Amino acid sequence: VHACTDVTGFGLLGHSFEMASGSGVTIVLEGEKLPLMTGARELASMGIVPGGAYRNMDYVGNRMRQTETAVQALVDLAADPQTSGGLLFALDYSAAAEMCARMREEGIRAQIIGDLIPQRDNQILVEG
């Protein structure tokens, strides 16, 4: 593991930004792979998003970019401060796949939600 943070009040976007900034990389988040609580996507699609999510997006500001395929509800949820305190790890892809498999064997929800690329103008890129 190269880096790890608990995802709490700053949301996934804020914590990803901090990790990317401190590491000199851009984090690519795949919106469709984000682990969500049941009903969260539907609520966000209706615009039911806490104000803290918008403050978190303001914090990340122009250092985040989203592709044309990014679903706005998923971007909003990535900024949501009401996270469940999950952990965000940064590690080599082959190690990540093995770690996720081993965690799932133990009944722990784990999945790969993105990738790291050389730093661009933005530290966070949200796709699909």
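Ala, Val, Leu, Ile, Met, Phe, Trp, Tyr, Cys and Pro are counted here as nonpolar, Asp, Glu, Lys and Arg as charged, and the others, Gly among them, as polar. The model is predicted, so local features need pLDDT of at least 70 and side-chain atom pairs count only at pLDDT 80 or more, while totals for chains, interfaces and linings use all residues. Residues are numbered from 1 along each chain as its sequence is written, and side-chain values use heavy atoms, with hydrogens and water left out.

The largest pocket holds about 1,300 Å³ of space. A pocket is an open set of points on a 1 Å grid over the protein atoms alone, where a 1.4 Å probe fits, with protein on both sides within 12 Å along at least five of seven lines; lining residues have an atom within 4 Å of a point. Points are joined across faces, edges and corners, and the volume is the space filled by probe spheres set on them. The lining comprises 43 residues. Of these, 33 are nonpolar, six polar and four charged. Val 7, Leu 12, Pro 35, Leu 87 and Ile 113 lie nearest the centre. Helix α5 (93-105) gives the largest share of the lining, five residues.

Buried means under 20% relative accessible area, exposed over 50%, and partly exposed in between (1.4 Å probe, protein chains only).

Helix α3 (residues 51-60) buries Gly 52, Ala 53, Asn 56, Met 57 and Val 60. These residues lie on the same side of α3 because they cover an arc of only 145 degrees around the axis, taken from the directions from the helix axis to the C-beta atoms. Arg 55 and Asp 58 are exposed on the other side. The cover over the buried residues includes α1 (11-23), β3 (64-66) and α4 (72-79). Just after α3, Gly 61 takes a positive phi of about 55 degrees.

Gln 111 lies in the loop between α5 and β5. This residue is partly exposed, at 34% relative accessible area. Beyond neighbours within four places in sequence, Gln 111 is in contact (heavy atoms within 4.5 Å) with Lys 33, Leu 34, Pro 35 and Cys 100.

Methods: Helices (H or I, at least four residues) and strands (E, at least two) are DSSP runs, numbered from the N terminus.
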